[in-house]
Amino acid sequence: MFYFTIRTGFVHGRQTIAASQSSNLLIFKQSSGLRFFSNSSNAHSFAASYLINRCGFSPEMASRASNYVHFKTPEKPDSLITFLENHGFSNTQILILIKRQPMLLVVDAEKTLSPKLEFLYSIGFSRPELAKLLSNYPRLLISSLEKQIIPSFNLLRNLFQSHDKTIKAIKRYTGILVYDSESYLYPNMNVLRGVGVPESNILMLLNCQPRALLFKPVRLKEIVEEVKGMGIDSSTTKFIAAVIALTSMSKSTLEKKFDVYRRWGWSDQEIREAFQRYPSCVTASEDKIMAIMDFLVNKMGYHSNLVAKQPSIFSQSLEKRIVPRALFARELLSLGLVSNLTLSALFDTSEKVFVNRFVNIAPELLILYEEKKKVTIGCSISILLDVLNCRLGPKELLLAH
């Protein structure tokens, strides 16, 4: 594949502001009439009005943004909106993009943005994909194509030795094209190499969760040491899973998750062992952890310490898997078709295995199981817990949606 370099100019905010301050009077046409501004704050007032009336900003947001974005005519902001519409951006995506990066309103879209979009199209992004990516991460549009975007893309492609993996990594976190590799990516890769993480696992992390390698190296080193302290072998993929889990939250948030488990009687050793078995158990929200523990311990009668030995359950959907299978299991137990169900057999098996093992015992059980799944779809956690407390039957449950 041929990769090219484009030379492009950039219209800086300062230059635009300086050029626009020569006029003392402006007329802003709107559907409701004309607005006039005629003092030194012309650009500020006009920009604020435009952001409110055209872009849906609140007055407070518009006032803050107009301190940095100055324009006295709608020409450039209107041309930006037209440009984005022509490239397939929806109205919602355009407004999100402008709210996240209002400085784009004062750039020359054709000179500054068009070369970047054309490059991104050339490496394989479709218009819908690019509209989604850029509305979520518009900072890419104010980054230098020649000095930042193209070098970062080529660097990633050289690391992965795969065009497809490079594109997938960019889709997972577009900021990977913007961060300075010398300050973040390279030092963080060296942190992992320093504790014995294989190169293949480092690239797996870069591909699956590129954001984890864009932390400040000092912080990533702390996380890596914490994972090592948990007793996880750095040569395993579980080590990478643990790094991903801990980079997804702050220290205080992690401690809050641990506190929830402690409330259910888990010792620090049990928490440590649960994390060793399944690091993602700490990525569930506090509400979800509480709901699952309440369900398993208080509704299903499992001992809290037994749950600690099956932490993968916290990655399962309460609505789509845990509650439907629990309701079905109750029926099996009441009919005497099973005498005991382990947590792993009940919640950790795939749908196909679960159906073959428990549902296909008799034809009528399939109907029963589908019914249990149907009545829980779309329920909130509070409604599901009402079901398990027998406060709602199937008919009331359907009405509660």
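Thr 247 is buried in this predicted model, with a relative accessible area of 11%; the cut-off for that label is under 20%. The residue belongs to helix α13, which covers residues 237-247. Its side chain reaches the backbone oxygen of Ile 244 at 3.0 Å. When neighbours within four places in sequence are left aside, Thr 247 is in contact with Ala 212, Phe 215, Leu 220 and Ile 223.

**The chain as a whole**

The chain has 401 residues, of which 47% count as buried. Its secondary structure comprises 23 helices and 2 strands. Among the contacts with a separation of 6 or more, 68% are between residues 24 or more positions apart.

**The nonpolar core**

The largest nonpolar core holds 122 residues, and Trp 266 and Phe 314 touch the most other members. Helix α18 supplies the largest share of this core, 8 residues. Because domain 1 (44-116) and domain 2 (143-248) both give residues to the core, the core lies between them.

Phe 314 is buried, at a relative accessible area of 2%. Apart from neighbours within four places in sequence, Phe 314 is in contact with Tyr 261, Trp 266, Cys 281, Ala 284, Lys 288, Ile 289, Ile 292, Met 293 and Val 307. Trp 266 likewise counts as buried, with 3% relative accessibility.

**Aromatic pairs**

Across the whole structure, a search finds 12 aromatic pairs.

| Pair | Centre to centre | Angle between planes |
|---|---|---|
| Trp 266 and Phe 314 | 6.2 Å | 70° |
| Phe 328 and Phe 354 | 6.2 Å | 65° |

The pair of Trp 266 and Phe 314 is edge-to-face. Trp 266 is placed in the loop between α14 (251-263) and α15 (268-277), and Phe 314 in the loop between α17 (304-308) and α18 (318-334), so this pair ties together parts that are 48 residues apart in sequence.

For Phe 328 and Phe 354, the planes stand at 65°, and the cut-off for edge-to-face is over 60 degrees; the pair is therefore edge-to-face. Phe 328 lies in helix α18 and Phe 354 in helix α20 (residues 351-359), so the pair ties together parts that are 26 residues apart in sequence. Phe 328 counts as buried at 0% relative accessibility, and Phe 354 is buried with a relative accessible area of 1%.

One aromatic cluster is formed by Tyr 137, Tyr 173, Tyr 179 and Tyr 184. Arg 139 lies over the face of one of these rings, that of Tyr 179, at 5.7 Å from the ring centre.

Tyr 179 is also among the contacts of Gln 148, which, neighbours within four places in sequence aside, include Ser 143, Leu 177 and Val 178 as well. Gln 148 is found in helix α8, residues 145-160. A polar atom of the Gln 148 side chain lies 3.1 Å from the backbone oxygen of Leu 177. The side chain of Gln 148 also reaches the backbone oxygen of Val 178, at 3.1 Å.

Terms used: Residues numbered from 1 in each chain as written. Predicted model: local features only at pLDDT ≥ 70, side-chain atom pairs only at ≥ 80, totals over all residues. Heavy atoms only, no water. Phe/Tyr/Trp six-rings, centres within 6.5 Å; stacked < 30°, edge-to-face > 60°. Helix = DSSP H or I, 4+ residues; strand = E, 2+ residues; numbered from the N terminus. Buried < 20%, exposed > 50% of the residue type's maximum accessible area, 1.4 Å probe, protein only. Lys NZ or Arg CZ within 6 Å of the ring centre and 35° of its normal. Polar contact = N/O pair within 3.5 Å; in protein donor to acceptor, adjacent residues only side chain to side chain. Contact = heavy atoms within 4.5 Å. Core = buried A, V, L, I, M, F, W, Y, C linked by side-chain atoms within 4.5 Å. Domains from an automatic or database assignment.
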